[in-house]
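Q: I have a new structure open and could use a quick tour. Can we take it piece by piece?

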Amino acid sequence: MASAPQVVSIVVPVWGAYAGRMLDEALQSLLGQGVPARVIVVDNASDPPLEAMASAELIGSPARLTVGMARNLGLQHVTTPYVLFWDADDLMLPGTLRRLTERIAARPDTVALSAAILEGDPPVAHRWPRRWSASLARRGRLFALAHCVWSLYPTTGATLMRTQAVKHAGGFGDADSGEDWVLGVSLAFRGGVGFDPRPGRLYRRHPASLWATRRSLSHLVAHAGAVRARIRADAGIPRWAGLLLPAIAAGQLLAALVIHPAARARRAALSATRGSP
């Protein structure tokens with residue numbers, strides 16, 4: 001009996017300390033989904049180089065790339081209708097891939113479908129993406145515009161995307177952080193963005209992770225600038241969005257200088273309250 005055709009490719013960039021036990025665990029979680037999937041591991045100039053894998057295809061880069069370009073290198077080899085970009089230190093929860101492929105196939109206007117995120121031990125719901133994002137996503141262009149100001153949904157992890165839309169959008173930005181926000185803006189103007197409230201990803205945070213080390217004000221400003229550059233360069237983003245760039249820039253600055261610090265202070269206060277006797 002012929003095996004079912006692969007409709008999903010999963011791209012996993014790896015370098016340095018991200019290889020090893022955590023990568024093995026991540027791959028096991030991806031291959032145990034009960035859905036035929038092509039797993040592409042991008043060796044981003046690891047030292048020593050990764051060895052060939054029986055469970056995944058290995059693509060190597062001779063020189064270290066940004067994480068965005070490493071993902072794009074894997075994207076060049078994707079031929080399936082759907083693609084998902086996974087971090088080498090996270091785990092995919094059972095049943096996630098089947099659920100996402102079934103749901104996005106039933107919604108032809110949807111270009112990206114994101115599952116909720118868990119983190120910690122014991123696992124608890126991650127605060128992002130916010131629940132209200134799902135309601136705002138029903139307002140198409142308003143959601144896309146809001147996403148230009150502040151990142152409202154992930155394009156990595158348990159987010160299944162239509163491959164052609166990702167390629168037409170130009171893939172990820174050429175950076176080690178904020179590159180996923182750049183792609184998300186391009187996709188949000190190309191079709192619907194969906195949210196699955198059920199968890200699909202166990203986010204395993206550690207001090208050396210890119211996100212943990214790139215959250216300063218200067219990083220946030222750089223991320224916002226990369227988004228504006230994508231708006232100017234992407235022919236698939238409507239012209240009216242380009243005309244709104246001054247307002248978008250003002251909104252981004254407000255979010256970085258006021259809203260983000262206030263939200264962090266509120267989370268710290270809540271954490272301290274929960275930890276008090």
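Q: How do S6 and S7 pair, parallel or antiparallel?
A: They pair in the antiparallel sense, over two bridges. S7 covers residues 124–125. Keep in mind that this is a predicted model.

Q: What is the bridge partner of Leu118 in S7?
A: That is Ala125.

Q: And how many residues sit between S6 and S7 in the hairpin?
A: Four. Gly120 is in the turn, and its phi is positive, at about 90°.

Q: Where is Pro122?
A: Pro122 is in the loop between S6 and S7. A cis peptide bond joins Asp121 to Pro122. Its omega is about 5°.

Q: Why is S6 described as largely enclosed?
A: S6 spans residues 110–119, and nine of its 10 residues are buried, so the rest of the structure largely encloses it.

Q: How do side chains in a regular strand sit relative to the two faces of a sheet?
A: They alternate between the two faces.

Q: Let's look at S9 again. Is Tyr203 buried or exposed?
A: Buried, because its relative accessibility is 10% and the cut-off for buried is under 20%. Tyr203 belongs to strand S9.

Q: How far is Tyr203 from His126 in space?
A: The distance is 8.4 Å, C-alpha to C-alpha. In sequence, Tyr203 and His126 are 77 residues apart.

Q: Change of topic. What about the loop between S2 and S3, where is Ala45?
A: Ala45 is in that loop, between S2 and S3. Ala45 has a positive phi of about 55°, although it is not a glycine. At 23% relative accessibility, Ala45 counts as partly exposed.

Q: Is Ser46 buried or exposed?
A: Ser46 is buried, at 8% relative accessibility. Ser46 also lies in the loop between S2 and S3.

Q: What does the side chain of Ser46 make a polar contact with?
A: The side chain of Asp43, at 2.7 Å. Leaving aside neighbours within four places in sequence, Ser46 is in contact with Val14, Trp15, Gly16 and Arg64.

Q: On to the helices. How do H7 and H9 cross?
A: Their axes come within 9 Å and cross at roughly 35°. H7 is residues 179–188, and H9 is residues 217–233. The crossing is right-handed.

Q: Which residues make that contact?
A: From H7, Trp181, Val182, Leu183, Val185 and Ser186. From H9, His223, Ala224, Ala226, Val227, Arg230 and Ile231. By type, they divide into eight nonpolar, two polar and one charged.

Q: Why does H7 count as largely enclosed?
A: Nine of the 10 residues of H7 are buried, so the rest of the structure largely encloses the helix. Among the buried ones are Glu179, Gly184, Leu187 and Ala188.

Q: Is Arg139 buried or exposed?
A: Exposed, at 57% relative accessibility. Arg139 is in the loop between helix H4 (131–137) and helix H5 (140–149).

Q: Now the big picture. How many helices and strands does the protein have?
A: The protein has 11 helices and nine strands.

Q: What share of the residues counts as buried?
A: Of the 277 residues, 48%.

Q: And what share of contacts joins residues at least 24 apart?
A: The share is 75%, among contacts between residues at least 6 apart in sequence.

How values were computed. Residues are numbered from 1 along each chain as its sequence is written. This is a predicted model: local features need pLDDT of at least 70, side-chain atom pairs count only at pLDDT 80 or more; totals for chains, interfaces and linings use all residues. Side-chain values use heavy atoms; hydrogens and water are left out. Buried means under 20% relative accessible area, exposed over 50%, partly exposed in between (1.4 Å probe, protein chains only). Two strands pair if DSSP finds at least two bridges between them. Axes are lines fitted to C-alpha atoms, for helices over the stretch in contact, and angles run from 0 to 180 degrees between N-to-C directions. A crossing is left-handed if the near helix is turned anticlockwise from the far one by less than a right angle, and right-handed if clockwise. Contact means heavy atoms within 4.5 Å. Ala, Val, Leu, Ile, Met, Phe, Trp, Tyr, Cys and Pro count as nonpolar, Asp, Glu, Lys and Arg as charged, and the others, Gly among them, as polar. A polar contact is a pair of N or O atoms within 3.5 Å; within protein, one must be able to donate a hydrogen and the other to accept it, and residues adjacent in sequence count only if both atoms are side-chain atoms.
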